[in-house]
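Have the model open as you read.

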Amino acid sequence: MLGMPARAAEPVDDAFSPSEVAHAADIVLERALDVRLRQSRTVDPVFAQDLAGRLAALIEHGGKRLRTAFAHCGWQAAGGSGDPTAVLHTGAALELLQACALVHDDVMDESSHRRGAPSLHVELARQHWAAGMHGSARSFGTSAAVLAGDLALAWADDVLTETALSTPHGARLHAEWRAMRTEMVAGQYRDLYAQAARSSGVDEALEIAVLKSAQYTVARPLALGATLAGADDDVLDALRTAGRCAGLAFQLRDDLVGAFGVPARTGKPVDDDLRSRKLTYLLAVALRLADAAGDGNAAAVLGPDADSGSAHAVERMRAALRRTGARDLVEAKIEELAGLSLRHFERTGAPPAARCEFEALVRRATGVDPRHAEEVA
């Protein structure tokens, strides 16, 4: 079957570590991309070089492969053993889907950098300008990047469909995948809607974080992996709940990095969320705390009518986030969610290796020790 090599990587046993999962997944992903790049060249050389090639480079260079690792973890938790080829291909599909989300997200947020390099729409705009092409370079870059994101989604669907056709659990695998794709789009739309409506609600911020990130980062990958092992409904329910907790903690960590991170470490700008006044849990909590404390200055700086476009305004927002206690509260929420995720995961009856793997992945994704967080709770 196209894109499905007879042997994805060296055979592995049940003790496959997260780092080994990432390495094996990279091999599978490289092969899948190689197949699709060769196909692209037969379709049209300009498209292959400008769009498909740049997309493949973005996917190959960078990324934590967290979703692949969580899929493998779900597979192990449900009793999966032996040949991990289907899990690794499912992981490759997840990485391709993430590329779609990243490219489109950068366009919508007008982000200039991704993974330490110019965002795809910026790179394509520069190509237009350098070649002296007709029309707006910015418009060209934006339009071409939308197509690149669409291409990533098409490639992701291709790889997942090929995987589904090769396993007896294909129908359930594909149902889980379809649900995840719709949730991603719903989350992105709710994010746009909240910015346009100048929303500030805590509950709305959490709903967006779950739909836009928690589900497709952790919950669905866990369930996809478990489905490949023939998991029953109780195991899937426990994994999805554990995944939502861990995925939400991951997004809250990302929100903190987006407000207080260092670009040299993150590989992307850290002011974008504040400049655009994106509705994050961090912002919503800060506004609630400011109102409760009667801190009119913080409420004005963080509110929907504030001017957040300048560097000075962004620094004032950061100071307000600290002063209200929102930063510390979000840190505590991350710890709480990490501990909860561990307790829900243990409801699956997963073997010790899978529990250790999940613990390590949650620590890596959230920056906190879930075992310690569980003990504190």
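Predicted model: local features only at pLDDT ≥ 70, side-chain atom pairs only at ≥ 80, totals over all residues.

Residues are numbered from 1 along each chain as its sequence is written, and side-chain values use heavy atoms, with hydrogens and water left out. Helices here are DSSP runs (H or I, at least four residues), numbered from the N terminus.

**Nonpolar cores**

- A nonpolar core is a set of buried Ala, Val, Leu, Ile, Met, Phe, Trp, Tyr and Cys residues joined through side-chain atoms within 4.5 Å, with buried meaning under 20% relative accessible area, exposed over 50% and partly exposed in between (1.4 Å probe, protein chains only).
- The largest one has 61 residues, and Leu222, Leu282, Leu302, Leu321, Phe345 and Phe358 touch the most other members.
- Helices that each supply at least two residues of this core include α3 (66–77), α8 (202–228), α9 (233–260) and α15 (326–346).
- α9 gives the largest share, 13 residues.
- Setting aside neighbours within four places in sequence, Leu222 is in contact with residues including Phe70, Leu239, Phe345 and Phe358; contact means heavy atoms within 4.5 Å.
- Another core lies apart from this one, with 46 residues, among them Leu94, Leu96, Leu160 and Met184.

**α3 against α8**

- Their axes come within 6 Å and cross at roughly 40°; axes are lines fitted to C-alpha atoms, for helices over the stretch in contact, and angles run from 0 to 180 degrees between N-to-C directions.
- That angle makes α3 oblique to α8 (under 35 degrees is roughly parallel, over 145 roughly antiparallel, 65 to 115 roughly perpendicular, and the rest oblique).
- On the α3 side, residues making the contact include Phe70, Ala71 and Cys73, and on the α8 side they include Val218, Pro221 and Leu222.

**α5 against α6**

- The axes of α5 (residues 120–130) and α6 (residues 137–165) come within 7 Å and cross at roughly 135°.
- So α5 is oblique to α6 too.
- Among the residues that meet are Leu120, Leu124 and Trp129 in α5 and Phe140, Gly141 and Ala144 in α6.

**Glu336**

- Glu336 is found in α15, and at 41% relative accessibility it counts as partly exposed.
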